[in-house]
Amino acid sequence: MSSRNIERRGNDIAALSVIAQDNRVADQNLQQAQRVFLPLERIQDRFSGDTRPLNSKHVAELHNSIAVLGLITPLAVDSKYRLLAGGHRREALRRLAKEDPDRFEELFQNGVPVLVLAVDSEVSPVGALQVEIEENTQRRNYTVNEIREAARKLEAAGYEKLRGRPRPDQRSLNRELENVFRLKPRRIREILNAPDQKGGTSATFLADLQTAHRQLERLSKKIKTQTSTEELAQVQQNIKRLQKSLQQAIAQIAPLPLEEAE
């Protein structure tokens, strides 16, 4: 390797180390943030302005879901209540307050939930941006029951389990849950389709079966790279039988897709 390439590689590693450190600091700030309730009008604009323009369609979707579920993910603000993350959510809240003040008051009579971070976006604009990025990539592990309860509320409000792209007059339950809880379409389908009655098959158990099948597949491929012995041949046969049994079990309990991923 040439000295120039070594130097470039060293610079790349140093840059990645700085990014990793920034991510850890931003994550720590979020974990230590104070959760409070503020009047919507007290949440100020970002000090440096929005990092991206607001998408009107996304605002409309958030407005509809917040009207049903409330605000699932709090806004993030700095120590002076200037917005760090959640521009679309704040705009949706403003729209709800304007178009349906009674519902807004019902949901947020004690104020809007926010996370107050010990960051001053004027003094540390880079730190503020890092918090925004980290907040947008974090995912809280919501329970299956929380997601199903949200689904029941959305269905009562007119959202539907649909296949494919919804018509203009339809509202997709699956897509709304994907947006609200930041989960992949497949995971939402598993949660909605798995029986929730006592003794039923849970989505977690199904995922465990699928994981076991993938692990056996990887083990089978690894065995093929080893020197063949009678013992390994027997193990390979046992793996194939177990894979077949797992495939049959998965086929019996796996949820049918409700909506094709775009």
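Predicted model: local features only at pLDDT ≥ 70, side-chain atom pairs only at ≥ 80, totals over all residues.
Of the 262 residues in the protein, 35% are buried. Among contacts with a sequence separation of 6 or more, 73% are made by residues 24 or more positions apart. The accessible surface was computed to be about 16,600 Å², and carbon and sulfur atoms contribute 49% of that area.

The four strands form an open sheet with mixed pairing, in which the strand order is β1-β4-β2-β3. Strands β1 (34-38) and β3 (83-85) each have a single partner strand and stand at the edges, so that one side of each is left without a neighbour in the sheet. From one strand to the next, the twist averages 45°. Strand β2 (residues 75-77) and strand β4 (residues 112-116) run parallel and are joined by three bridges; within this pairing, Ala76 has Leu115 of β4 as its bridge partner. Helix α3 (residues 87-99) packs on the sheet, where it touches β2, β3 and β4, and the direction of this helix makes about 120° with that of β3.

Turning to the aromatic side chains, a pair of aromatic rings is described by the distance of the centres and the angle of the planes. One aromatic pair is present in the structure. The ring centres of Phe104 and Phe108 lie 5.1 Å apart and the ring planes meet at 50°, so the pair is classed as tilted, because an angle that is neither under 30 degrees (stacked) nor over 60 (edge-to-face) falls into that category. Both members of the pair are buried, Phe104 with a relative accessible area of 13% and Phe108 with one of 7%, since each value is under the 20% cut-off for burial. A further arrangement that involves an aromatic ring is found at Tyr159, where Arg171 lies over the face of the ring at 4.4 Å from its centre.

Within the helical part of the model, Ser220 is located in helix α9 (residues 203-224). With a relative accessibility of 6%, Ser220 counts as buried, because this value too is under 20%. When neighbours within four places in sequence are left aside, the contacts of Ser220 are with Gln236 and Ile239.

Terms used
Residues numbered from 1 in each chain as written. Heavy atoms only, no water. Buried < 20%, exposed > 50% of the residue type's maximum accessible area, 1.4 Å probe, protein only. Contact = heavy atoms within 4.5 Å. Areas by Shrake-Rupley, 256 points an atom, 1.4 Å probe, with all protein chains shown as cover. Pairing = 2+ DSSP bridges. Helix = DSSP H or I, 4+ residues; strand = E, 2+ residues; numbered from the N terminus. Axes fitted to C-alpha atoms, helices over the stretch in contact; angles between N-to-C directions. Phe/Tyr/Trp six-rings, centres within 6.5 Å; stacked < 30°, edge-to-face > 60°. Lys NZ or Arg CZ within 6 Å of the ring centre and 35° of its normal.
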